[in-house]
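User: I'd like to go through the side-chain interactions in this one, charges to start with and then cores and rings. Can you take my questions as they come?

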Amino acid sequence: GLRNLTTRAPLAALRLRRMILDFHRAWDAFPGFARLIDREGIVLAANERARQAGFAEGVRCTQVKTANRHQKCLLGRAFETGQGQFDVSPDGLLRAWTPVDGWDGAILHLSYKK
């Protein structure tokens, strides 16, 4: 998590910290992977299940080895359109990318397989 931050934009930093705290309250118990990702593909926050898979805060999500190798990632499309995107892989993995209300610099990315 975030411990120290030096910035020239303290209000933006406080908003980001609040968003990360809200993320953990809402998504830490999610049974799949939940990540908050910025425009550069950097993980801002991740639930425990995602962290165990390598999606630690500060890591570029494409650097984490996954079974689908991030094929057909819709992160860019979600940022471009400002609308949620989702797909289901042939092996049944549901993936969703949804903008965060009030913060145009982050996408909530969820992955879940029954």
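This is a predicted model: local features need pLDDT of at least 70, side-chain atom pairs count only at pLDDT 80 or more; totals for chains, interfaces and linings use all residues.

User: Which residue does Arg18 bridge to, and how are the two placed in helix H1?

Analyst: Both residues sit in helix H1 (residues 10-27), four residues apart, so about one helical turn separates them. The closest N and O atoms are 3.4 Å apart, and the partner of Arg18 is Asp22.

User: Are Arg95 and Asp87 buried or exposed?

Analyst: The cut-off for buried is under 20% relative accessible area. Arg95 comes in at 6%, and Asp87 at 19%. So by that cut-off Arg95 is buried, and Asp87 likewise counts as buried.

User: What is the closest N and O distance between Arg51 and Glu48?

Analyst: These two are three residues apart in helix H2 (residues 48-52), with about one helical turn between them. Each is partly exposed: Arg51 has 28% relative accessibility and Glu48 has 40%. Their closest N and O atoms are 2.7 Å apart.

User: Arg35 has no salt bridge, so how far away is the nearest side chain of opposite charge?

Analyst: Arg35 belongs to strand E1 (residues 33-38) and is buried. Its side chain reaches the backbone oxygen of Phe33 at 3.4 Å, and its contacts beyond four places in sequence include Phe23, Val43, Phe55 and Ile107. The nearest side chain of opposite charge belongs to Asp87, and the distance is 9.9 Å.

User: Which element gives the largest share of the largest nonpolar core?

Analyst: That core has 13 residues, and Val43, Phe55, Cys61, Leu75, Trp97 and Ile107 have the most contacts inside it. Strand E2 (43-46) and helix H3 (75-81) are the elements that give two or more residues. The largest share, three residues, comes from H3.

User: Which residues does Leu75 touch, and how many residues are in the other core?

Analyst: Setting aside residues up to four places away in sequence, Leu75 touches Ile37, Asp38, Gly41, Trp97 and Ile107. The other core lies apart from the largest one and has Met19, Phe23, Ala45 and Ala106 among its members. Its residue count is 12.

User: How many aromatic pairs are there, and why is the pair of Phe30 and Tyr112 tilted?

Analyst: A search of the whole structure gives three aromatic pairs. For Phe30 and Tyr112, the ring centres are 6.0 Å apart and the planes are at 55°, so the pair is tilted. Phe30 is in the loop between H1 and E1 and Tyr112 in strand E5 (residues 103-112), so the pair ties together parts 82 residues apart in sequence. The tilt, then, follows because planes under 30 degrees apart count as stacked and over 60 as edge-to-face, and this angle is 55°.

User: Which residues form the aromatic cluster?

Analyst: One member, Tyr112, is partly exposed at 31% relative accessibility. The cluster consists of Trp27, Phe30 and Tyr112.

Terms used
Residues are numbered from 1 along each chain as its sequence is written. Side-chain values use heavy atoms; hydrogens and water are left out. A salt bridge is a side-chain nitrogen of Lys or Arg within 4 Å of a carboxyl oxygen of Asp or Glu. Buried means under 20% relative accessible area, exposed over 50%, partly exposed in between (1.4 Å probe, protein chains only). A nonpolar core is a set of buried Ala, Val, Leu, Ile, Met, Phe, Trp, Tyr and Cys residues joined through side-chain atoms within 4.5 Å. Contact means heavy atoms within 4.5 Å. Lys and Arg count as positive and Asp and Glu as negative; His and the chain ends are not counted. A polar contact is a pair of N or O atoms within 3.5 Å; within protein, one must be able to donate a hydrogen and the other to accept it, and residues adjacent in sequence count only if both atoms are side-chain atoms. Rings of Phe, Tyr and Trp (its six-membered ring) pair if their centres lie within 6.5 Å; planes under 30 degrees apart count as stacked, over 60 as edge-to-face and the rest as tilted.
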